[in-house]
Amino acid sequence: MITLAYFIDPFLEAPASLQDQAFLDAIPDLAARLPDYRHIALTTFPGISLDAGADSALRLTVLPLPRYSLLGKKAAMLQSLRKWLAAEDVKLFFTSDPELVFPHAGHTLLVTSAAKLLQKAPGGKLLGKKNTTGWMAASRIIVPHEADRTRLLSAFPGLENKIKVIYPAFQEPVPSLGWSEQEQVKLRYSGGRDYLIFAGALDKSHDLVNLLRSYSLFKKWLMTGMPIILAGPATDYTPEFEKLLESYKYNSDVSLFPNPGEDELKEMLAGAYALVWPAEGTNDAWPIEWAFHAGTPVISTDHAGIRELCSGAALLSSAGDLDQMAQNLMILYKDEHLRARLIEKGRERALELNRETTLNQYANSILELCGR
């Protein structure tokens, strides 16, 4: 039986994100779509378990690492991985780490992004240019956006036939709420008022300070009492942000929910008047996927990845343009017809970008590489 191996360590390393967890949870479902193969999840973390179910075709293998090694952990892991792949005669190796792409008897499927492959080395050179015998040996390179593909091909035009675009929509859909359920959610989190929400890691990279500056303009222009909820996984930045909130003019209208349960976070988002996503990229952009399914309008940043993800189903403002984001909040607040159109466009987008479609696209890529 043909063996497929999935290296899962990048999805287990702290700090774990909901996106990483969703990707990890999707691997057993991907294996179920390919029942004629032997599926192995590889890890160097001892003592972990994989919730794949007794009937799953997926099995877990822990790679042995020397307790003490002069090579360093990365090199020791690479050595162990090479040895295992050679012994098992693996047809396809699945990894999200460009440094773990190396020639072996089978194919390598690399899931990555242009930003990761084209980052600068300490000497100023592109890592990709420096390591052309490394990640470029992958049989297939999967990136999340056409913009990633275009950027990679501008640097490496010879990769035309290797790069495929699959957006990682691995999140389970969030059901929309009925009117009475929405009212209950609003009573629970905002005293019965409509509210805005930012859902995502409470991290500096998500530009939360500028989000509050735009929110201040929105409140000033409309004299509205609509509150805003900031909810998601806490990070090292969260305590600093909490301190900043203490001196914020409208702090009585801001509710901070670090580390809510996943079900609670989904409920907050489904009950919100709108999701505001100020980050420039789509890293951990699972709240936008949730919003499309739940029928919550989206206001975000005009960035290539976001434009492609939303495909007209969101109001976008230029990065760092506080006035424009505040104006989009005001326009949405005043125009219920626009809000209804955004909700409908979001639901249409959810039919195109969803877990089932993503898993099928990955399964088809594996079948193409394995010659079936």
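Trainee: Quick one to start: is Glu 88 buried, partly exposed or exposed?
Mentor: Glu 88 counts as partly exposed, because its relative accessibility is 29%. Buried means under 20% relative accessible area, exposed means over 50%, and partly exposed is in between, using a 1.4 Å probe and protein chains only.

Trainee: What sort of model is this?
Mentor: This is a predicted model, where local features need pLDDT of at least 70, side-chain atom pairs count only at pLDDT 80 or more, and totals for chains, interfaces and linings use all residues. Residues are numbered from 1 along each chain as its sequence is written, and side-chain values use heavy atoms, with hydrogens and water left out.

Trainee: Back to Glu 88. Which side chain does it meet in a salt bridge?
Mentor: Arg 38, at 3.2 Å from N to O. A salt bridge here is a side-chain nitrogen of Lys or Arg within 4 Å of a carboxyl oxygen of Asp or Glu.

Trainee: And what does that pair tie together?
Mentor: Glu 88 belongs to helix α2 (residues 73-88) and Arg 38 to strand β2 (residues 38-43), so their bridge ties together parts that are 50 residues apart in sequence. Helices (H or I, at least four residues) and strands (E, at least two) are DSSP runs, numbered from the N terminus. Arg 38 is partly exposed too, with a relative accessible area of 32%.

Trainee: How many salt bridges does the structure hold?
Mentor: There are 15. One of them joins Glu 183 to Lys 186, with the closest N and O atoms 2.9 Å apart. Those two are three residues apart in helix α6 (residues 179-190), so about one helical turn separates them.

Trainee: Is Lys 186 buried or exposed?
Mentor: Lys 186 is buried, with a relative accessible area of 9%. Its side chain also meets that of Asp 194 in a salt bridge, 2.8 Å from N to O. Asp 194 is partly exposed at 35% relative accessibility, and so is Glu 183 at 24%.

Trainee: Which residues are linked in a network of salt bridges?
Mentor: Asp 29, Glu 172 and Arg 355. Arg 355 lies in helix α14 and counts as buried, at 8% relative accessibility.

Trainee: What is Arg 355 in contact with, neighbours aside?
Mentor: Skipping neighbours within four places in sequence, Arg 355 is in contact (heavy atoms within 4.5 Å) with Asp 25, Ala 26, Asp 29, Ala 169, Phe 170, Gln 171 and Glu 172.

Trainee: New topic: what lines the largest cavity?
Mentor: Phe 23, Ala 26, Ile 27, Leu 30, Phe 94, Phe 170, Leu 359 and Tyr 362. A cavity is a set of points on a 1 Å grid over the protein atoms alone where a 1.4 Å probe fits but cannot get out, and lining residues have an atom within 4 Å of a point.

Trainee: Which helix gives the largest share of that lining?
Mentor: α1 does, with four residues. Both α1 (18-32) and α14 (355-369) supply at least two residues each.

Trainee: Last one: how many residues has the largest nonpolar core?
Mentor: It has 62, and Leu 196, Leu 230 and Ile 288 have the most contacts inside it. A second, separate core of 28 residues includes Phe 23, Ala 41, Phe 170 and Tyr 362. By core I mean a set of buried Ala, Val, Leu, Ile, Met, Phe, Trp, Tyr and Cys residues joined through side-chain atoms within 4.5 Å.

Definitions and conventions. On a 1 Å grid over the protein atoms alone, a cavity is a set of points where a 1.4 Å probe fits but cannot get out, and a pocket is an open set with protein on both sides within 12 Å along at least five of seven lines; lining residues have an atom within 4 Å of a point.
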